Amino acid sequence: MKISENFDKKQIKLFSHNFDKKLLRHIEKLKSPDKRVKKAMIYFAKTGGKRIRPFLLYTMGLFLNIKPRLLDDFALSIEFVHLHSLIHDDLPSMDNDDYRRGKLTVHKKFDEATAVLAGDMFQVLSVKTLVESKHLSNSQKIKSIQMLSKANGMEGLIAGQSLDIYMKKNSTIREIETMHLLKTGALFSLCFNLLLNVKKLNVKKKKDLKIIGDTIGKIFQVTDDMLDRWGNEQKVGKKIQKDSQKANIAYKFNRTECTRHLRLIQNRNYKAMQNFFNKKREPLLYMSSLVNFIVNRTK
């Protein structure tokens, strides 16, 4: 697999800067007699983040010639779900993290009840964004909300999170990968699948698109696992080696085996992208270099 080096991480930084303005505008528009939950949501949104999911959606969407205004609604709804999952993931009853991105988690900055409610509100906001979209037809809204609900529910993120919490350390690689596919892969797949609501593709292209999303989700999660074991705590922005007693690929393999496992997934991803883009060299090289950036991230 040949990886292009033409992806400049400054691109995602610039994208994140502009996307965060849209994100904050949506939160700040919320009206309520309660100010505390909104304040917590704004605080968490301002802690930053890689915004890789929205970036992937925009990138693929633009390659498919989908109008940016349509991509805005999809990207915001996905990131709101992601923000909900992170706030809840940090809670004492879940991963019990004090810091994320080097800053206090929401339950530490405010309190546990506020964190739960802020996470809940991000879920509500994800659906609200699609319902109130001025760029999607009613049928597109319904299909999009169905996809969002599936990716965020018992066939996706919530099921994956439950499996992660209660999965035994001696779980098999296949069981761990199933958990990865639900907990992390579902939202990554959604980044690509939502595009099908505004872009018609044949069955083969749809299959390749699903593989691209699933494998990027696996790549992201395996990289996360490796960072938990071998990452730099200051760069990662939270306590590392917390998963040593959990079902975690990085604690089943040594570093060489982990890297080999990651490359196998990356090869499958690259093959699916080759099929999807066919003879279009530019998007293939760009997307492969973007995936390589995800593999080599330090936080």
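What share of the chain's 299 residues count as buried? The figure is 54%. Keep in mind that this is a predicted model. The chain holds 14 helices and two strands. Its radius of gyration is 19 Å, close to the 19 Å that the globule rule gives for 299 residues, so the chain is as compact as a globular protein of that length.

**The chain as a whole**

- Take the contacts between residues at least 6 apart in sequence: 74% of them join residues at least 24 apart.

**How H11 and H13 pack**

- A pair of packed helices is described by two things, the angle between the axes and the distance between them.
- For H11 (residues 203–230) and H13 (residues 255–277), the axes come within 8 Å and cross at roughly 160°.
- That angle makes H11 roughly antiparallel to H13, because anything over 145 degrees counts as such.
- What sort of residues make up this contact? They divide into 15 nonpolar, seven polar and six charged.
- As for handedness, the crossing of H11 and H13 is left-handed.

**Gln221, a residue of H11**

- Gln221 is found in helix H11.
- Is Gln221 buried or exposed? With a relative accessibility of 9%, Gln221 counts as buried, because the cut-off for that is under 20%.
- Setting aside residues up to four places away in sequence, Gln221 touches His180 and Thr184.

**Val81, in helix H4**

- Val81 sits in helix H4, which runs over residues 68–89.
- Its relative accessible area is 0%, so Val81 is buried.
- Which residues does Val81 contact, leaving aside neighbours within four places in sequence? They are Phe122, Ser126, Leu148, Asn152, Leu157 and Leu187.
- Leu227 is another matter: 146 residues separate Val81 and Leu227 along the chain, and their C-alpha atoms are 23 Å apart.

**Phe63, in helix H3**

- Phe63 belongs to helix H3, which covers residues 52–63.
- Phe63 has a relative accessible area of 26%, so it counts as partly exposed.
- Not counting residues up to four places away in sequence, Phe63 touches Phe277, Pro283, Tyr286 and Met287.
- Between the C-alpha atoms of Phe63 and Lys13 there are 20 Å, with the two residues 50 apart along the chain.

- Most residues other than glycine have a negative phi, and the next two residues go against that.
- Arg51 is not a glycine, yet its phi is positive, at about 55°.
- Where does Arg51 lie? It is in the loop between helix H2 (36–45) and helix H3 (52–63).
- Although it is in a loop, Arg51 is buried, with a relative accessible area of 2%.
- Asn96 likewise has a positive phi, near 55°, in a residue other than glycine.
- Asn96 lies in the loop between helix H4 (68–89) and strand E1 (99–100).
- Here the relative accessible area is 41%, so Asn96 is partly exposed.

Technical notes
Residues numbered from 1 in each chain as written. Predicted model: local features only at pLDDT ≥ 70, side-chain atom pairs only at ≥ 80, totals over all residues. Heavy atoms only, no water. Helix = DSSP H or I, 4+ residues; strand = E, 2+ residues; numbered from the N terminus. Buried < 20%, exposed > 50% of the residue type's maximum accessible area, 1.4 Å probe, protein only. Contact = heavy atoms within 4.5 Å. Axes fitted to C-alpha atoms, helices over the stretch in contact; angles between N-to-C directions. Parallel < 35°, antiparallel > 145°, perpendicular 65-115°, else oblique. Left-handed = near helix turned anticlockwise from the far one by under 90°. Nonpolar A, V, L, I, M, F, W, Y, C, P; charged D, E, K, R; others polar. Rg over C-alpha atoms; globule rule 2.2 N^0.38 Å.
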